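Let's walk through this structure together, from the overall fold down to single side chains. Please have the sequence and the 3D view open as you read.

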Amino acid sequence: MYKRQGTLIAPASGIAQVSDKDPGAFVTRLGNRTIDFLSDPATPKNLREVRLRELLRDGFAVERIGRFVLGKHRRTASKQLIDEFIDVFEDYIVALYAKQFSHFSGETFAVQQVIKTRRPQDSMVKTKIVPGSGGEALRVDFQVRKLGDEFKILDVRVEGVSMVLAQRDEFSSYIGNNGGKVESLIAALRKRLVGLTEPTASATKQ
């Protein structure tokens with residue numbers, strides 16, 4: 001069992017190239033670093049988003065996930081359009097997570113079990129995030145794949161619900177309801193980004 005105890009301080013900028021020995025160690029490293037900087041109230045919003053983007057690129061198979069969530073529509077979209085979507089998708093995920101996790105404080109993170117799947121290069125890493133207030137733990141599982149010499153996350157399941165599958169269903173439905181055009185989804189995500197990145201009323205008063 002891998003456990004996080006205490007606090008590990010993430011570097012001020014950039015991500016060191018680390019060779020993780022197994023999927024559990026990989027998820028532990030990313031989980032520790034994410035909770036540490038998200039829990040630090042002194043971290044400015046712009047730096048929070050920079051670090052989230054670094055962690056996303058370091059730990060997630062962003063392009064694979066982006067293509068997957070487009071579903072059947074990626075077969076009819078041009079490469080240029082898919083590339084444009086993946087760029088916007090990354091911006092959207094970073095802004096969304098930065099907003100959702102802005103109130104993290106005192107959480108602890110523990111990898112409880114690593115299970116091999118039917119695909120030899122894949123593992124399911126089962127974890128729990130325990131609130132600092134002592135409330136009920138959140139079960140979060142990571143689907144991790146070995147790609148070459150490194151591990152990458154393909155999916156995150158929160159209390160058993162696949163975030164990638166939920167995203168694909170939402171995006172496919174939106175495209176289908178808007179003429180089957182990937183451009184419509186890109187425009188919608190850019191609109192959402194404006195709302196996610198605008199300062200809140202309390203922030204503007206500081």
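The protein contains 7 helices and 6 strands, where helices (H or I, at least four residues) and strands (E, at least two) are DSSP runs numbered from the N terminus. Followed along the sequence, the elements come in the pattern β-α-α-α-α-β-β-β-β-β-α-α-α. What you see is a predicted model, in which local features need pLDDT of at least 70 and side-chain atom pairs count only at pLDDT 80 or more, while totals for chains, interfaces and linings use all residues. Residues are numbered from 1 along each chain as its sequence is written, and side-chain values use heavy atoms, with hydrogens and water left out.

How far does the predictor trust its own model? The pLDDT, the predictor's confidence in each residue on a scale from 0 to 100, averages 81 over the protein, and 83% of the residues score at least 70. Two stretches call for care. Over residues 1-17 the pLDDT stays under 50, and the model has 35 contacts for them beyond four places in sequence; a contact here means heavy atoms within 4.5 Å. The pLDDT is also below 50 over residues 200-206, a stretch with 2 contacts in the model beyond near neighbours in sequence. Where pLDDT is low, the predicted coordinates should not be read in detail.

Now for the chain as a whole. Of its 206 residues, 43% count as buried; buried means under 20% relative accessible area, exposed means over 50%, and partly exposed lies in between (1.4 Å probe, protein chains only). The accessible surface comes to about 11700 Å², with 52% of it belonging to carbon and sulfur atoms; these areas come from the Shrake-Rupley method with a 1.4 Å probe. Among contacts between residues at least 6 apart in sequence, 55% join residues at least 24 apart.

Let's turn to the interior. In soluble globular proteins, nonpolar side chains tend to be buried together. The largest nonpolar core in this model has 46 residues, a core being a set of buried Ala, Val, Leu, Ile, Met, Phe, Trp, Tyr and Cys residues joined through side-chain atoms within 4.5 Å. Helix H4 gives the largest share of this core, 12 residues. Which residues have the most contacts inside the core? They are Phe85 and Phe142. Leaving aside neighbours within four places in sequence, Phe142 is in contact with residues including Val27, Phe109, Met124, Ile153 and Val156.

A pair of aromatic rings is described by the distance of the centres and the angle of the planes. The structure holds 4 aromatic pairs, counted when rings of Phe, Tyr and Trp (its six-membered ring) have centres within 6.5 Å; planes under 30 degrees apart are stacked, over 60 edge-to-face, and the rest tilted. One of the pairs is Phe26 with Phe151, which is tilted, at 5.9 Å centre to centre and 35° between the planes. This pair links distant parts of the chain, with Phe26 in helix H1 (residues 23-38) and Phe151 in strand E5 (residues 150-158), 125 residues apart. Phe26 counts as buried because its relative accessibility is 1%, and Phe151 counts as buried at 10%. The rings of Phe85 and Phe89 have centres 5.6 Å apart and planes at 20°, so they are stacked. Both residues lie in helix H4 (residues 79-100), 4 residues apart, about one turn of the helix, and both are buried. Phe85 and Phe89 form one aromatic cluster with Phe171.

Back at Phe151, Lys146 lies over the ring face, at 5.2 Å from the ring centre; a charge counts as over a ring if NZ of Lys or CZ of Arg is within 6 Å of the centre and within 35 degrees of the ring normal.

Leu81 lies in helix H4 and counts as buried at 13% relative accessibility. Its C-alpha atom is separated by 7.5 Å from that of Val182, 101 residues apart along the chain, and Leu81 touches Val182, Glu183 and Ile186, not counting residues up to four places away in sequence. Val114, in strand E2 (residues 108-116), is partly exposed, with a relative accessible area of 36%. Glu159 lies in the loop between E5 and strand E6 (161-162), and has a positive phi of about 50° although it is not a glycine. Glu159 is partly exposed, at 39% relative accessible area.
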